[in-house]
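This briefing goes through the fold, the surface and a few single residues of one protein. Please keep the sequence and the 3D view open while reading.

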Amino acid sequence: MNHLLLSAFYDTVNNSVGPTLAWVFIFLMTIELIYVMAKYLGSSDKK
């Protein structure tokens with residue numbers, strides 16, 4: 001029974017939760033990168 005539970009947990013993390021979290025973090029980092037580029041490259045600092 002213990003082996004069955006561990007196998008089910010591994011399959012859940014390996015096949016659905018892990019890649020989903022990875023894609024969510026990649027998506028959020030892309031949004032952050034676009035925001036930072038627009039903030040610092042789009043603003044003209046006139047002194």
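Val17 is found in helix α1, which runs over residues 2–42. The model is predicted, and its secondary structure comes to one helix and zero strands. The points below cover the helix, the surface and then selected residues.

**Helix and overall dimensions**

- Helix α1 has 41 residues, which at 1.5 Å a residue should span 60 Å; the C-alpha atoms at its ends are 56 Å apart, so the two values agree.
- A bend of about 40° occurs in α1 at Val13.
- Taken along the principal axes, the box filled by the C-alpha atoms of the protein is roughly 70 × 15 × 5 Å.

**Surface**

- The protein has 47 residues, and 0% of them count as buried.
- Its accessible surface is about 4700 Å², and carbon and sulfur atoms account for 72% of that area.
- A nonpolar patch on the surface is formed by Val17, Leu21, Val24, Phe25, Phe27, Leu28 and Ile31.
- Together, the residues of this patch have about 670 Å² of accessible area.
- As a general point, an α-helix has 3.6 residues a turn, so residues three or four places apart point the same way.

**Exposure of selected residues**

- Val17, one of the patch residues, counts as partly exposed because its relative accessibility is 38%, which lies between the 20% and 50% cut-offs.
- Asp11 is also placed in helix α1, and its relative accessibility of 37% makes this residue partly exposed.
- Gly18 has its place in α1 and is partly exposed, because its relative accessible area is 27%.

**Distances along the chain**

- Asp11 and Ala22 are eleven residues apart in sequence, and their C-alpha atoms are 16 Å apart in space.
- Between Gly42 and Ile26, 16 residues apart along the chain, the C-alpha separation is 23 Å.
- Gly18 and Ala38 are 20 residues apart along the chain, with 30 Å between their C-alpha atoms.

How values were computed: Residues are numbered from 1 along each chain as its sequence is written. This is a predicted model: local features need pLDDT of at least 70, side-chain atom pairs count only at pLDDT 80 or more; totals for chains, interfaces and linings use all residues. Side-chain values use heavy atoms; hydrogens and water are left out. Patches are made of residues with over 30% relative accessible area and no salt bridge: like charges are joined within 9 Å, nonpolar side chains (Val, Leu, Ile, Met, Phe, Trp, Tyr) within 5 Å. Accessible areas come from the Shrake-Rupley method with a 1.4 Å probe; for residues, only the protein chains shown count as cover. A salt bridge is a side-chain nitrogen of Lys or Arg within 4 Å of a carboxyl oxygen of Asp or Glu. Helices (H or I, at least four residues) and strands (E, at least two) are DSSP runs, numbered from the N terminus. Buried means under 20% relative accessible area, exposed over 50%, partly exposed in between (1.4 Å probe, protein chains only). The expected span of a helix is 1.5 Å times one less than its number of residues. The bend at a residue is the angle between axes fitted to the seven residues ending there and the seven starting there.
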